[in-house]
Each structure stands twice: as C-alpha cells, then as structure tokens.
Amino acid sequence: LYASVTVPQNALLLSYSTGGYGPLKRAIREFLARWRNIHCDTEQIIITDGTHNGIELCAVALADVGDTVAMESPCYWGARNVFTAAGLNIDMLPWQPDTGHTLPTASGPVTLAYLTGSHHYPLSVPTRAAHKQRLCEALAPRYVVEDDYEFNRDDHANLLFDTTSERHLLVGSFSKMMFPGLRLGYLVVPRHLAGPMNRLRSELFREGRMLDQAVLAQFIFDGDLDAWCRRIQRDYLGRQQVLHDQLCSLPQVRSVSPPSSAISLCVEFAPGVNDVAIAQALLKEHLIVRPLSPVCAASDPRVGLVMGVGMLSGETLAREAQRLRRRLEPLLRQGH
Ligand SMILES: Cc1ncc(COP(=O)(O)O)c(C=O)c1O
C-alpha cells in the first residue's frame with residue numbers, strides 16, 4: 001500500500017494540506033456514515049495524531065488556562081493528563097450506569113464537558129444519552145467533547161453528538177480500531193469551527209504524517225477497515241467472555257462488566273479493597289492491570305481493576321486468564 005500511494009504518483013504529498021490529508025477526511029466521513037450514522041461535511045473532519053492530540057487541540061482551541069472542564073468519574077486517565085497539562089481546572093462528577101451523574105449543587109461556568117462516547121471507559125458498559133443530556137442541561141458547558149473510542153455499529157444512539165449543533169465535538173481514534181502505533185485519529189467539529197480548527201491543527205502541529213494518512217485512506221476505500229472492524233469486534237467479544245468467566249466468581253467481586261466487543265473490561269471490588277496494592281502485586285507476576293481508584297474523584301469510593309483484551313487471544317489468553325484468577329484469589333481473600 002505504501003508503494004502505491006507515495007510520491008511521485010501522489011502529488012498531494014508534495015505540499016501542505018490544511019488539517020490533514022483530504023482523501024482520508026473523505027474516507028472517514030463515509031466510514032462515520034456507515035458505522036456511526038453520523039453525517040457530516042468533509043470540512044468538519046480534522047485528522048489528528050490520535051485522541052490525545054485531538055483533545056489537546058480542543059483544549060487549546062476552545063478553552064483558556066484556568067477554565068473548567070467537567071469529566072466523569074471514573075475517567076479516562078489520558079484525557080485528564082492532557083487537560084491538566086493544558087492548565088484546565090478539572091471537575092470530576094461520579095457516573096453510575098443505572099442512575100447517571102451526581103450533579104453539583106452549585107458550579108461556576110464550565111467551558112468543556114468531556115464525556116466518553118457510546119461505551120464508557122474505564123467501566124466498559126454502554127453510556128446513556130439521557131444521562132449526558134441531563135448533565136449538559138445542569139452544567140451548560142460551552143462545548144461538549146465526546147470521546148468515541150469504543151463503539152458498536154448499533155450504539156450511536158448513546159452519543160449526544162450532533163453534526164448540526166454549534167457546541168458538540170467528537171474525538172475518534174484508530175488506536176483501538178487498528179493499533180496504537182498508527183497514531184492516527186480524527187475530530188469532527190461544528191461547522192463554524194471547521195475552518196479555524198483545521199487551520200490551528202496545521203499552524204500548531206502541521207498536518208501530521210500524510211504518507212501514513214494516505215495509506216489509511218486507501219485501506220478504508222478498499223473496504224479493509226470495515227472487514228477488520230467486523231472481525232475484531234467478534235474476536236474481542238469472545239476474548240471478553242473468557243476473562244469474564246474467570247473473574248465473576250472471585251471473592252470481593254461486586255461486578256464484572258458484561259462481555260462486549262470493547263477492548264477493555266472492568267471488575268469492581270467491594271469497598272475497601274486496595275486495588276492499587278493488588279495491581280502492584282500482579283505486576284510483579286507480569287500481569288498488567290490498571291487500578292480503578294486513581295481515576296475516580298475523591299468523592300467516588302469505587303475500587304476495581306481495568307484490563308485489556310487487545311494483546312492476548314486463543315490458548316494464551318485462556319492460560320493467562322486462569323493464572324490471573326489464581327493470583328487474584330488469595331489477594332482478594334486477604335482483602336489487600
Ligand atoms: C477512552 C479512550 N480514548 C482514547 C484512547 C486512545 O488514545 P489515542 O488515540 O491517543 O491512542 C484510549 C486508550 O486507552 C481510551 O481508553
């Protein structure tokens with residue numbers, strides 16, 4: 001693919017291109033229509049170097065240092081890092097899948113609300129548009145950024161995102177869909193921000209690696225991304241089932257996220273379990289998990305572990321899931 005899209009036959013790579021490689025924007029626009037029921041103009045799409053870069057662009061373009069960004073608790077740690085580095089004040093609001101967000105009794109002006117898209121990370125359950133709507137009515141943020149990292153073909157109704165609104169932005173990434181080393185993603189922005197934010201992307205970061213963007217565009221136009229997404233979503237569902245079965249009957253386990261085609265799974269423990277110590281003990285056994293409590297607000301007592309199914313499959317996954325269970329069981333019995 002690289003040989004077929006590079007110079008000299010591809011003159012588009014010989015100059016700059018505002019906000020990213022044009023054909024990739026078109027390919028993403030069509031992909032979003034097919035997979036997310038999102039219908040936008042090509043100009044509303046900005047190519048990014050992945051989610052973090054997209055969130056950074058939102059922070060720089062839409063907020064000033066000291067402004068407030070509202071996030072859910074538990075949150076995606078990476079977004080919190082980017083907002084912290086951008087000098088924003090972070091307000092974390094606990095979210096429960098059945099009852100929604102704990103709304104503040106009083107709050108100052110909120111510039112950005114950053115919410116996970118259709119599928120919550122790190123809880124790994126579907127989100128609810130009604131909860132997000134209630135949150136946005138209470139906080140009246142100037143802009144709402146949804147991180148559409150995980151999705152199924154039929155869960156777009158969980159998004160608040162609306163291509164005709166003046167305040168909704170969508171952040172997307174190929175890190176989960178394909179692999180993190182690709183470092184490619186996209187933003188979909190309101191029409192009135194399309195020109196300025198495309199220009200800002202190019203002024204600050206140029207347009208990224210356009211050769212990689214050209215390859216990805218061709219991969220999508222050839223139908224290979226659709227085929228890959230169908231296959232990997234089925235695969236992840238099977239892998240999640242394997243881990244789920246090992247985890248759900250362990251002592252102190254309150255809940256395990258239902259198997260889904262997401263890349264990560266979350267197990268919640270009874271209050272008081274030291275999830276940080278457990279994660280450290282597992283790391284010594286080369287079992288890499290992320291504790292839940294450090295990504296929760298101070299007022300949110302949830303504890304648990306977040307783990308991914310992206311790296312293991314087949315017999316290796318079955319073996320490692322059993323090993324995880326055997327190591328976790330004594331740690332949980334000791335109430336670590
Ligand atoms: C919610 C969420 N967004 C985005 C990402 C990935 O970000 P990037 O596209 O920068 O690799 C992750 C990775 O774990 C994630 O969990």
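Predicted model: local features only at pLDDT ≥ 70, side-chain atom pairs only at ≥ 80, totals over all residues.
User: What is the volume of the largest pocket, and which residues lie closest to its centre?

Analyst: The volume is about 1200 Å³, and of the 42 lining residues the closest to the centre are Met307, Gly308, Val309, Gly310 and Met311. A pocket is, on a 1 Å grid over the protein atoms alone, an open set of points where a 1.4 Å probe fits, with protein on both sides within 12 Å along at least five of seven lines; lining residues have an atom within 4 Å of a point. The volume is the space filled by probe spheres set on the points, which are joined across faces, edges and corners.

User: How do you know where the largest pocket lies relative to domain 1 and domain 2?

Analyst: Domain 1 (2–222) and domain 2 (226–333) both contribute to its lining, so the largest pocket lies between them. The domain bounds come from an automatic or database domain assignment.

User: Where does the second largest pocket lie, and which residues are nearest its centre?

Analyst: The second largest pocket, of about 160 Å³, also receives lining residues from both domain 1 and domain 2, so it lies between them. Its lining has 13 residues, with Pro97, Leu123, Val125, Ser255 and Glu268 nearest the centre.

How values were computed: Residues numbered from 1 in each chain as written. Heavy atoms only, no water.
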